[in-house]
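Please read the following report alongside the sequence and the coordinates shown here.

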Number of protein chains: 2
Amino acid sequence: MIARTPEPPYYAVIFTSTRTEGDHGYAAMSDRMIELAEKQPGFLGVEHAREDLGITVSYWKDLESINNWKHHAEHSIARQKGRQEWYKDYKVRISRVERDYEFKKS
Amino acid sequence: MIARTPEPPYYAVIFTSTRTEGDHGYAAMSDRMIELAEKQPGFLGVEHAREDLGITVSYWKDLESINNWKHHAEHSIARQKGRQEWYKDYKVRISRVERDYEFKKS
């Protein structure tokens, strides 16, 4: 569940959104986009949770990988549909992970 | 709901976690920590969602603000209790937001 990312530095795309009412094909497309993202060069992992607010953090090797994914044809169609139908609003933040640490209960 | 952060650069602390069973005072402490974080110098905003996985992203002006918050006395006690009781595992990623953009349905 928690993404197993390599040693920093790497990049995190923090995608925060609020949804419109109803599904309108969102769940299927969301699953498909994760399946597709996982196949992209430079993809390192993804984490997602939604309550009122949805947060998806995807991790990438570098900015080039992020840019390639942004302009992937099928993803571009999904992004357009997102603006037309699925999202009330969203914010995308591109960030460079400089340090990380973790805890696991023994 | 989506944090209103200033123009980049700023910092994002991505805190991803899985919980143990039961509340054990977690919800009250979580609310208290957000209330307290909001009062810290350099705090810019916070976003949270939990399903199986919990994701909390807090935004900060600089690394010094993040470090001060990490070592805040009351937060340190909460962090210790988190490791003892509330979390099965967690990962903290400190990242520098370099670029952001947003969408709002008109």
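The report below describes a predicted model, taking the symmetry of the assembly before its details.

## Symmetry of the two chains

Chain A is superposed on chain B by a rotation of 180° with 0.0 Å of shift along its axis, and the RMSD of that superposition is 0.0 Å. This is therefore the relation of a two-fold axis. The same surface serves both copies, since 100% of the contact residues of chain A recur in chain B.

## The interface

Between the chains, 35 residues of chain A are in contact with 35 residues of chain B. On the side of chain A that touches chain B, at least two residues each come from strand S1 (10-19), strand S2 (43-50), strand S3 (54-60) and strand S4 (87-104) of chain A. S4(A) gives the most to that side, with 18 residues. By residue class, the side of chain A that touches chain B divides into 15 nonpolar, four polar and 16 charged residues.

## Strand pairing within chain A

Strands S2(A) and S3(A) run antiparallel and are joined by seven bridges, and the hairpin that joins S2(A) to S3(A) passes through three residues. In this pairing A:His48 stands opposite A:Thr56, a residue of S3(A).

Strand S1(A) pairs with S3(A) in the antiparallel sense over seven bridges, and the bridge partner of A:Val13 in S3(A) is A:Ser58. S1(A) is also joined to S4(A), antiparallel to it, by 10 bridges, among whose residues A:Arg19 has A:Tyr87 of S4(A) as its bridge partner. Seven of the 10 residues of S1(A) are buried, so this strand is largely enclosed by the rest of the structure.

In a regular strand the side chains alternate between the two faces of the sheet.

## The nonpolar core

The largest nonpolar core has 28 residues, and those with the most contacts inside it are A:Tyr11 and B:Tyr11. Elements of both chains give two or more residues to this core, namely S1, S3, helix H2 (63-70) and S4 of chain A together with S1, S3, H2 and S4 of chain B. In soluble globular proteins, nonpolar side chains tend to be buried together.

## The buried side of helix H2

Which residues of helix H2 (residues 63-70) of chain B are buried? They are B:Ser65, B:Ile66 and B:Trp69, and because they cover an arc of only 100° around the axis, they are on the same side of H2(B). An α-helix has 3.6 residues a turn, so residues three or four places apart point the same way.

The cover over the buried residues of H2(B) includes both strands and helices of chain B: strand S1 (10-19), helix H1 (26-37), strand S2 (43-50), strand S3 (54-60), helix H3 (73-86) and strand S4 (87-104).

## Backbone geometry

A cis peptide bond occurs in chain A between A:Pro8 and A:Pro9, where omega is about 5°, and A:Pro9 is found in the segment before S1 of chain A. In chain B the peptide bond from B:Pro8 to B:Pro9 is likewise cis, with omega near 5°, and B:Pro9 is found in the segment before S1 of chain B.

A positive phi of about 55° is found at A:His24, although A:His24 is not a glycine; this residue lies in the loop between S1 and helix H1 (26-37) of chain A. A:His24 counts as partly exposed because it has 13 C-beta neighbours inside 10 Å. For B:His24 phi is near 50°, which is a positive value in a residue other than glycine, and the place of B:His24 is in the loop between S1 and H1 of chain B. With 14 other C-beta atoms within 10 Å, B:His24 is partly exposed.

Terms used: Residues are numbered from 1 along each chain as its sequence is written. Chains are lettered from A and ligands numbered from 1 in the order in which they are written. This is a predicted model: local features need pLDDT of at least 70, side-chain atom pairs count only at pLDDT 80 or more; totals for chains, interfaces and linings use all residues. Copies are superposed by least squares on the C-alpha atoms of residues with pLDDT of at least 70 in both. Two residues are in contact if their C-beta atoms, placed from the backbone, lie within 7 Å. A residue is buried if 20 or more other C-beta atoms lie within 10 Å of its own, exposed if 12 or fewer, and partly exposed in between; C-beta atoms are placed from the backbone. Helices (H or I, at least four residues) and strands (E, at least two) are DSSP runs, numbered from the N terminus. The arc is that of the directions from the helix axis to the C-beta atoms. Ala, Val, Leu, Ile, Met, Phe, Trp, Tyr, Cys and Pro count as nonpolar, Asp, Glu, Lys and Arg as charged, and the others, Gly among them, as polar. Two strands pair if DSSP finds at least two bridges between them. A nonpolar core is a set of buried Ala, Val, Leu, Ile, Met, Phe, Trp, Tyr and Cys residues joined through C-beta atoms within 7 Å.
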